[in-house]
Amino acid sequence: MEKWPIGVFTSVDAGLGVKLEVAQELNVPTIQLHAPAKETRTAENAQAFLGRLDSLGIQLTCVFCGFEGESYADIPTVSKTVGLVPPETRAARTQELKEIADFAKLLGCHCVGLHLGFIPHDASDPLYEQVLTVTREVLDHCKANGQDLHLETGQESADGLLQFVSDVERDNLFVNFDPANMILYGTGEPIAALKKIGSLVHSVHCKDGTWADKPGEEWGAEVPLGAGAVGMETYLRTLDDLGYVGPLTIEREIASEPERQKEEIGQAVQLLRELKAKIG
Ligand code: MG
């Protein structure tokens, strides 16, 4: 694969990504895929999807998990509803995550991505140990599939994430770095966080955002790539310094406005092409 192939975050029937046709129209060579709904995760659909990717010359680089009942309405709701942290839904979601990993395997994909949820910041909180245990269980399942698990950034500070990855003690746990999420959740200045997380970053999102007035309490705003506080040139230069050569996957989470979403992702592709030509 070329250095920094551009990608887009796509959805089939679940999640906030764009349709595969948008990736095709924008002529991008890679995608990440939000896991399709349970009833469509069949071997037949996997074969059909692979056939489409093949005919379009598009490579799938990561399958992202999402679960029913998750809500990103505001930060406290994320804390209550997202990922494997909430105890009430953990067992069922762990099972589903394994099924999604198996579906990703049918797609020949070696990477599974996940919003784990808000990991307790205090390692002596009993919930912390529970999250470690379930993460290991999932990682061991992925390992048997020949897969890595990438944790999406945002809900933890860089230091919190590094501590957690170290405590998990598995060699197939990495990070999908989303610089905008650091801003939206108010968990830290994204470039400094990226430098800290460094070599654990095995995939990235290209997304932009602006800080909230009260970071960490209220959401910041997600904005078109280049219009926010990330600083895309500095972002790419920092990735370059870290030796990151993987895909640059664009996310623009305004699925309710598909036309605007497509247009702004098209502009993001253009921006990344220009920066690649300048830096890469
Ligand atoms: Mg993201």
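Donors are N, O and S atoms within 2.8 Å of the metal; water is not among the atoms, so sites may look incomplete. The exercises below concern a predicted model.

**Exercise 1. The metal site**

Task: Identify which protein residues are donors of the magnesium ion, and work out which spacing they follow along the chain.

Solution.
- Step 1. The ion has as protein donors Glu-152 through OE, Asp-178 through OD, His-205 through ND1 and Glu-251 through OE. Their distances from the magnesium ion run from 2.0 to 2.2 Å, which is within the 2.8 Å cut-off.
- Step 2. Read along the chain, the donors give the spacing E-x25-D-x26-H-x45-E.
- Step 3. Asp-178 sits in the loop between strand S6 (173–177) and helix H7 (179–184), while His-205 belongs to strand S7 (residues 201–206); the pair therefore ties together parts that are 27 residues apart in sequence.
- Step 4. Asp-178 and His-205 are both buried.

**Exercise 2. The buried side of H6**

Task: Find which residues of helix H6 (residues 158–168) are buried, and state what covers them.

Solution.
- Step 1. The buried residues in H6 are Ala-158, Leu-161, Phe-164, Val-165 and Val-168.
- Step 2. Viewed down the axis of H6, these buried residues fall within an arc of 130 degrees, so they line one face of the helix.
- Step 3. An α-helix has 3.6 residues a turn, so residues three or four places apart point the same way.
- Step 4. The cover over the buried residues of H6 includes helix H5 (126–144), strand S5 (148–152), S6, H7 and helix H8 (190–197).
- Step 5. Just after H6 comes Glu-169, with a positive phi of about 55 degrees.

**Exercise 3. The surroundings of Leu-53**

Task: Decide whether Leu-53 is buried or exposed, and list what it is in contact with beyond its neighbours within four places in sequence.

Solution.
- Step 1. Leu-53 is placed in helix H2 (residues 43–56).
- Step 2. Its relative accessible area is 3%; the limit for buried is under 20%, so Leu-53 is buried.
- Step 3. Setting aside neighbours within four places in sequence, Leu-53 is in contact with Leu-20, Ile-31, Ile-58 and Leu-60.

**Exercise 4. The packing of H4 and H5**

Task: Describe how helix H4 (residues 87–106) crosses H5.

Solution.
- Step 1. The axes of H4 and H5 come within 9 Å and cross at roughly 20 degrees.
- Step 2. Angles under 35 degrees count as roughly parallel, so H4 is roughly parallel to H5.
- Step 3. The crossing of H4 and H5 is right-handed.
- Step 4. Residues of H4, including Leu-97 and Ala-101, meet residues of H5, among them Val-134 and Val-138.

Methods
Residues numbered from 1 in each chain as written. Predicted model: local features only at pLDDT ≥ 70, side-chain atom pairs only at ≥ 80, totals over all residues. Heavy atoms only, no water. Donors = N, O, S within 2.8 Å, 3.2 Å for Na, K, Ca; no water. Helix = DSSP H or I, 4+ residues; strand = E, 2+ residues; numbered from the N terminus. Buried < 20%, exposed > 50% of the residue type's maximum accessible area, 1.4 Å probe, protein only. Arc of directions from axis to C-beta. Contact = heavy atoms within 4.5 Å. Axes fitted to C-alpha atoms, helices over the stretch in contact; angles between N-to-C directions. Parallel < 35°, antiparallel > 145°, perpendicular 65-115°, else oblique. Left-handed = near helix turned anticlockwise from the far one by under 90°.
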